[in-house]
Amino acid sequence: MMKSPREILKMNRDEVAAAVKDFPVAILPLGATEQHGHHLPLGVDIFLSEGISKKLSERTGALMLPTMPFGYSWVWRDIPGTISLQQHHVENVIKDVAHSVSRYGVKLLVLVNGHDSNNASMKYATRELMDELDMQIIYLFYPNLEEIRNEYCDSSTWHDMIHACEFETSLMLALKPEMVEMNKAVCEYPDRPGLYGKSTISLGNLSQSGVFGDSTLATKEKGEKMLDRFLSEMESLIMEAYSDRAIKY
């Protein structure tokens, strides 16, 4: 068990080299800068992926890379504060990071994502990297999300989507409670037009508050319980991937 995360930004070159030699695994948190209602900051996806990655680094001893602060956030592009990258740019950043860490001995790269729209970029970047590098890469976005969310959350999702809802608000209360303004939390389930998902109608056109679900039901206790489940799932997957990779060393 590690007492503190191995964050490369706080380490010198010799410490990083020793850590890679000891356990050649690195974690890349992926987030986004976009609106999450009036009760949450724009950095929710960053704070969640980073907070989870720190705890995974503590548990496993893996290196933690700097958090990617931008993702594909086209649907919120007109809301102040939003910063959106083109999807293929997100893929290229992931690939460049993978190529970088592979040069000094990292054998397993773990992508820990806090932003749903990054999932496609992770998937396709990983497929390309399989043909380019002798390195295992796995991508994680709240493993067993539906099962865990249904067990601890009291509200339903908006068409299976999580955004500024009970789920994300509860996780923020567990990891960054000082940034949550529960007095501004609302419940909103916007109408979904028939052309949604079949045209350029986007989430930014649908919700008045930016919330999709019932954020008023969020609690720190729910967030802590879900976080513990996710960490256990992720730690198990990391060690499984490392064991598979270790056989090939």
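**Helix pairs and a pocket**

Helix α3 (residues 87-102) and helix α4 (residues 118-130) have axes that come within 9 Å of each other and cross at roughly 45 degrees. Keep in mind that this is a predicted model. The points below begin with this pair, go on to another pair of helices, and end with a pocket.

**Helices α3 and α4**

- The crossing in which α3 passes α4 is right-handed.
- On the α3 side, the contact is made by Gln-87, Val-90, Glu-91, Ile-94, Lys-95, Ala-98 and His-99.
- On the α4 side, their partners are Asn-118, Ala-120, Ser-121, Met-122, Tyr-124, Ala-125, Glu-128 and Leu-129.
- Sorted by class, the contact of α3 with α4 has eight nonpolar, four polar and three charged residues.

**Helices α2 and α6**

- Helix α2 (residues 44-60) packs with helix α6 (residues 166-175) at an angle of about 55 degrees, and their axes are 10 Å apart.
- That angle makes α2 oblique to α6.
- What is the handedness of the crossing of α2 and α6? This crossing is left-handed.
- From α2, the contact draws on Val-44, Asp-45, Phe-47, Leu-48, Gly-51 and Lys-55.
- From α6, the residues in the contact are Glu-168, Leu-171, Met-172 and Leu-175.
- By class, the contact of α2 with α6 counts six nonpolar, one polar and three charged residues.

**The largest pocket**

- Rolling a probe the size of a water molecule over the atoms shows where empty space is left.
- How much space lies in the largest pocket? The largest pocket holds about 270 Å³ of space.
- The largest pocket is lined by 18 residues, and the closest to its centre are His-115, Asp-116, Ser-117, Met-161 and Leu-203.
- The lining of the largest pocket divides into nine nonpolar, five polar and four charged residues.

Methods:
Residues numbered from 1 in each chain as written. Predicted model: local features only at pLDDT ≥ 70, side-chain atom pairs only at ≥ 80, totals over all residues. Heavy atoms only, no water. Axes fitted to C-alpha atoms, helices over the stretch in contact; angles between N-to-C directions. Helix = DSSP H or I, 4+ residues; strand = E, 2+ residues; numbered from the N terminus. Left-handed = near helix turned anticlockwise from the far one by under 90°. Contact = heavy atoms within 4.5 Å. Nonpolar A, V, L, I, M, F, W, Y, C, P; charged D, E, K, R; others polar. 1 Å grid on protein atoms, 1.4 Å probe; cavity = no way out; pocket = protein on both sides within 12 Å on 5 of 7 lines; lining within 4 Å. Points joined across faces, edges and corners; volume = space filled by probe spheres on them. Parallel < 35°, antiparallel > 145°, perpendicular 65-115°, else oblique.
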